[in-house]
Every structure is written in structure tokens, then in C-alpha cells.
Amino acid sequence: MRASFYKFFNNPPNMIKNKIFMPPIKIIRYLLICCSVLYCTNLCAQELTNKTHANADTILYIRRNTASPEAFADLKALEKAIGIMKSLPCDSPLSWYYQGAMHSMPDTILNGNPLCPGIVTIRDKLAGWHSCPHYGEDEINFLTWHRLFIWHFEKIIRKLSGKKDFALPYWDYTNPETRMIPAIFRDSSSPLFEPARQEGLNRGKTIKHDLNNSLLTTNPDSMRLYQLFNHSLNQSPHSPIHLVVGGWNSDSTLIKNMWNKIYQKNTTGLMWEFQSAAFDPIFWVHHSNVDYLWHRWELSANGALPIPDSLKAHPWPYIFFDENDGHKIVYSMEEVASKINSLDYVYDVLINKTMHAKARSASRPVILAEAPVSKMVTSNNFAFAIRIPASPVLMANRITPKRKQLFILEVTATYKQQPIGIYELYLEKGGKSLPLGFLTFLGAHHHGKKAMDQMQDMKNMDRIDEEEEERIFQFDLSQKFDFSTFNGNLNFRLLRQGGRSSEIKIKKIILKSLKL
Ligand SMILES: [Cu+2]
């Protein structure tokens, strides 16, 4: 629609060019045509949004579980195409380096960059690089950006491998049976191999048992808003998989002696830092699984589509490249909202499911209570209690909890250096510990775009590192807490795996409510 629109204005049909003086009736007719085109731009986008992702007419490709025998041919095609991509120059949008850098890249590559000569700081970035939205205000784009990112990557693989029905397999680590890196990614002669991973995993070990909880999204079906689901999935299992594959180990300190070729230094594995993550081939089947978990929720009873207006309120660059000639494709936020639900693939186990999800909107959140905590987390089993003073808003909500009301707990954590641990938050109630979700710090030392833009020289970068940074986590209490009996005390427990004592401080807690 957009392309034809531009064409229309840049290259108007001859009848318009030649007839400068048009009779009024014709002017009206042209105006009518223009209006209906504009109207359809909106209406069609709306229609696409409502269209099921699993519509039999549009599905052409099946994404398969990496562990299923049917996925083998696709994994071989992926191997072949990545081999080709690795041989392309880094300024070609279809090259391995270019695609990896589109996700993110290091702030600085101190010792020169043989993989892409001339690219040594983030200021050297090319079009579409360093685009993954993970935190803060922009996080709403987390699932949506990655969906379109791996979808365009899938098209590149299909083209370069020559396998016409190629679809990107997904690695389902939420299933304990398939919680090891798929074999083809561990074959050291394969282009899918990456040495800078946690060593045991590259030898075929299963990801450790004590990560069971964090590898499952916390009660995924209970989430009823896209933004909460998006945040929760980002925290877990998305982040722990990055950290574990990249060298994080719950019972030892982080492994930091691996040769990270993207940073050109000995440090953590590629997946541990989101700046180098997409340069490890495992990233792509990991994010295919993240997309699978999202789509499974979209098809569930509680699934909800992102609200186009909230996407538009957080504009983000969606820049990708055509698989045929490498030309740049830029999506508007309207196009993103429609595109994410009119794709051409389905997951093998979701083939016959239909989507009922609609964009579910919620009222502006009301703050029920805000309590300062200001406590360093000094042990790996850390209990703390919050007394929330009674307030008219809180009283109103606790006396008549409305059925369509969500209760959100917002936890602000601060740190000076990137925290290593993975934290699981529990609500203690009636002698029971109810799991709420996770606090993870993937990429936490990374400076926001603003800080990067404001930076005058490299010296300032160290100073930014010493400043206290914060990250806000949200948890859905709606199914876990009966506010009609709430007496003002909230008791929490934080379980830390890995990491160090006092690496984070819980700064404050906010209770919010919003209506569906
Ligand atoms: Cu990412």
C-alpha cells in the first residue's frame, strides 16, 4: 500500500500530469479516490490485525521443534546458508556479521575488528544495526521486533539455502527432555558451532536442573495483557537461556575466560551479552522458541494482541533487508501492528489451532501504594516485608476487588555493576511461597541509547559505569493475591542463583491496579 502510494505521488499517472485544468467533477472524483485509499490504509491494517496468524490461506511454512526428525532437513539448510553468510563481506546486509550486528554490537571493540575492519565503536554502525529493544520504555517492542527480525532472517536462509519450504526450527528448552543444545550446533565442524559457550553444554550436557523454574514462564496462561506477557517472557525463559549458554553457572562464578570474537577479547560467551548474542547461531533457534511461546499464548484463552496505539506510542526503528537484493525495508508502527499477525508460518504443534485473541486494552494504571524498601540483597535466600499504609485508593480496591481488575507489583532494583545472579521473587502467604517471576539483568551494564548519544568521548564511558542504574520489574499479582483480605503487609522472598551478595538493592515497591 505504502509503496504504491509513494509511486502515485512521485510518478502520477499521465492523465493527471497532462490535465492541469481539470473540470470540477473530475477533481471531486480524484479527491474521492484519494480519500478511499487513505481510509483503506487504516481499515486494511485493522483487518489484518484481526486476521488469525494461523489462517490456513496464508500459512506456507512450518517451524519445527529442533528435536523432531522432520526438522533435520531445515537444520541442514540453516547450516548451509549460515556457511554462505559467513563468507559474505560484513557490509552486505545478507552477511552473518551484518545480521548479527542488527541485533546489537559492542560499544567498543578495543583490539581492532578482523571480522569487520573499520567497525570498532558503536558509532561506526551501519543501517539497521543495534536495534534490539530489551528494556525500559522500549520493551513493548521486544517480542514484536524479534518476530520480524527472525522472520526476515528466515527468508534470507530460505533464499541462500535454496530449500523452498525452509522454516526456522525452534529449540524448546522448556521441555526437560530437550534441554540440551541441539546436536548440529555442537558439531565443531559445522558453521552452526560456536566455541564461546558454556563448555559442558557444547559437550551435550543438559541445562541444570535447578534452573527448572526459570526455564518455565511463570504461569504463562494467567497473563492477560500483552505488555505483561512480553515483560515476563523477556525475564524468563528468554534471559536465563542467554546467560546459561553464554557461561552463567548457578553454582560457580561466571566463566569469563572464553574468546569472544565479537568483543575481540577473553570474556563471557557470545550469548551472555546481548551485544554479541545474535552472532551465535543458537540465538536464532532460541528466539524462534521465544516466538513460539508467544504465539502459543496468543492462541490460549487469555492471549491478547498488542494494542496498536501503545505500539505507536513507543516508536522504534524496524529496519530489515530484502532477501533477494538486500534493499532496505522500513516498517511504520502501523505496519508492525498488522504484520506481526499476518505472517506466513505456523509452529508444528499449533497447526490446527485458531486464534481468538484480540487487542485487549486496559485503563491507565492507578497507584494503590508505594513503599520505599532500600535494602541490599545480602543473601541467596533473602526475606523482606513491606508495610503498606492504608489509603483511600487501596481501601476501595481491597474491599471490592473487581473481576476485571489486574493488580501489578512493580519492583525497582538498583545496581552499580552488572549483576550476575538470577533472582526469583516469591510472595509469602499463609505459610506458602507463591512464585511471582524473575529479575534478570541481561545487558544491564549497557548504556541506553541516550547516554550513548550524549557521550562526548570514550573517557566518559567509565564514569557512566560507576553510576547507579536501575531496572524496573513487573509482576502480575491478580491471580495470586486476594486483596479483599489484604491487611497492609506484604512478605517477599528473593532466591538468588549465582551472583554475589549485595550486587543489587531493592529500592522500592509499587502496587498498581488497572482495569481490563
Ligand atoms: Cu534481543
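Helix H6 makes a left-handed crossing with helix H11. The model in which this crossing is seen is a predicted one. H6 covers residues 142-161 and H11 covers residues 282-298; the two pack with their axes 10 Å apart, at an angle of about 125 degrees. An angle counts as roughly perpendicular from 65 to 115 degrees and as roughly antiparallel over 145. H6 and H11 are therefore oblique to each other.

The residues that bring the two helices together can be named. From H6 come Leu143, His146, Arg147, Ile150 and Phe153, and these meet Trp284, His287, Ser288, Val290, Asp291 and Trp294 of H11. Sorted by class, this contact of H6 with H11 holds six nonpolar, three polar and two charged residues.

The second element to consider is a sheet. In general, the strands of a sheet pair through backbone hydrogen bonds, in either a parallel or an antiparallel sense. Here four strands form an open sheet, ordered E7-E14-E9-E12, and the pairing is antiparallel. Strand E7 (366-376) and strand E12 (469-476) stand at the edges; each has a single partner strand, so one side of each is left without a neighbour in the sheet. From one strand to the next, the twist averages 20 degrees.

Strand E9, residues 405-415, pairs with E12 in the antiparallel sense over eight bridges. Within the sheet, Glu410 stands opposite Gln474, which lies in E12.

Notes. Residues are numbered from 1 along each chain as its sequence is written. This is a predicted model: local features need pLDDT of at least 70, side-chain atom pairs count only at pLDDT 80 or more; totals for chains, interfaces and linings use all residues. Two strands pair if DSSP finds at least two bridges between them. Axes are lines fitted to C-alpha atoms, for helices over the stretch in contact, and angles run from 0 to 180 degrees between N-to-C directions. Angles under 35 degrees count as roughly parallel, over 145 as roughly antiparallel, 65 to 115 as roughly perpendicular and the rest as oblique. A crossing is left-handed if the near helix is turned anticlockwise from the far one by less than a right angle, and right-handed if clockwise. Two residues are in contact if their C-beta atoms, placed from the backbone, lie within 7 Å. Ala, Val, Leu, Ile, Met, Phe, Trp, Tyr, Cys and Pro count as nonpolar, Asp, Glu, Lys and Arg as charged, and the others, Gly among them, as polar.
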